[in-house]
Amino acid sequence: MRPAPEDAQLTVRRMARALGQNGLSGPFGHCSVRLDDERFLVCAPRPMALIRAGEPGTVVDIAGELPPDVLGEVRIHQQLYRRRPGVGAICRFISPQITALAALGKTPRARHGFGSYFATGVPMWTGAALIRNDAAAEQAAALMAEQPALFLNVNGAVTAAATPERAVALAYFLEDAARVELAALSAGLADTGPVLAGDVAAERATWNGRIAERVWEFLLRNDPEPLAF
């Protein structure tokens, strides 16, 4: 199999550390970038915060068996890349606020600016088991459809976007949206508090003004492979 270009390797390492070193994922989770119509690159199967400078990820075929050293849940990456040609990067992560909200059987509403990116809803995969077979991965990808995120019951979430920066930014936004939703629930305002919807939410959920890039730079502020400006 052809190796991944070094810039893709660097990007997937940065994605992993952005998630792992900022409280968005602990020992578990993975991320990937699309290489072309047939292949993607997934990060090394280690705690994402601990992926070292220069540590390579693994090239995976979008259709076919997973390589032997790749985690079984990477099947959901395969299915999303197969179904959504506009997706260029995927984050699979397990963060505390998302996990707590999912434990209540809820997903966040668009209650603030970050939440507006999910105004059309965040589907919930209700299965408790990890998604480690093709049938479950197909069903989860179908449930996510064209949405930017999917809750995986109490096993975290998935975000998908056109670029690595946006996929990571969506993970950051989703965790904060879960935090705000939990605050609304704690205050007894879950059913009465205001939400952003329609054109208001669509206008707020912009990528203009280097929104994703600023999140990316912030999360990688102490990265061992510094960003070039």
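Here's a quick tour of the pockets and aromatic contacts in this predicted model.

The largest pocket has a volume of about 250 Å³. It is lined by 14 residues, with Phe28, Gly29, Leu71, Glu73 and Arg132 closest to its centre. That lining splits into seven nonpolar, three polar and four charged residues.

The second largest pocket holds about 210 Å³ of space. Its lining has 14 residues, and Pro148, Ala160, Ala161, Leu170 and Trp207 sit nearest the centre. Strand S7 (157–161) and helix H5 (164–186) each give two or more residues to this lining. By class, you get nine nonpolar, two polar and three charged residues here.

Now for the rings. The model has eight aromatic pairs, and two of them are set out below.

| Pair | Centre distance | Plane angle | Type |
|---|---|---|---|
| Phe40 and Tyr81 | 5.0 Å | 35 degrees | tilted |
| Tyr117 and Phe173 | 4.7 Å | 35 degrees | tilted |

Phe40 is in strand S2 (residues 39–42) and Tyr81 in helix H2, so this pair ties together parts 41 residues apart in sequence. Phe40 is buried at 0% relative accessibility, and Tyr81 is buried at 1%.

Tyr117 comes from the loop between helix H3 (96–103) and strand S5 (124–125), while Phe173 belongs to helix H5, 56 residues apart. Tyr117 counts as buried at 9% relative accessible area, as does Phe173 at 1%. Over the face of Phe218 lies Arg221, 4.2 Å from the ring centre.

Note on methods. Residues numbered from 1 in each chain as written. Predicted model: local features only at pLDDT ≥ 70, side-chain atom pairs only at ≥ 80, totals over all residues. Heavy atoms only, no water. 1 Å grid on protein atoms, 1.4 Å probe; cavity = no way out; pocket = protein on both sides within 12 Å on 5 of 7 lines; lining within 4 Å. Points joined across faces, edges and corners; volume = space filled by probe spheres on them. Nonpolar A, V, L, I, M, F, W, Y, C, P; charged D, E, K, R; others polar. Helix = DSSP H or I, 4+ residues; strand = E, 2+ residues; numbered from the N terminus. Phe/Tyr/Trp six-rings, centres within 6.5 Å; stacked < 30°, edge-to-face > 60°. Buried < 20%, exposed > 50% of the residue type's maximum accessible area, 1.4 Å probe, protein only. Lys NZ or Arg CZ within 6 Å of the ring centre and 35° of its normal.
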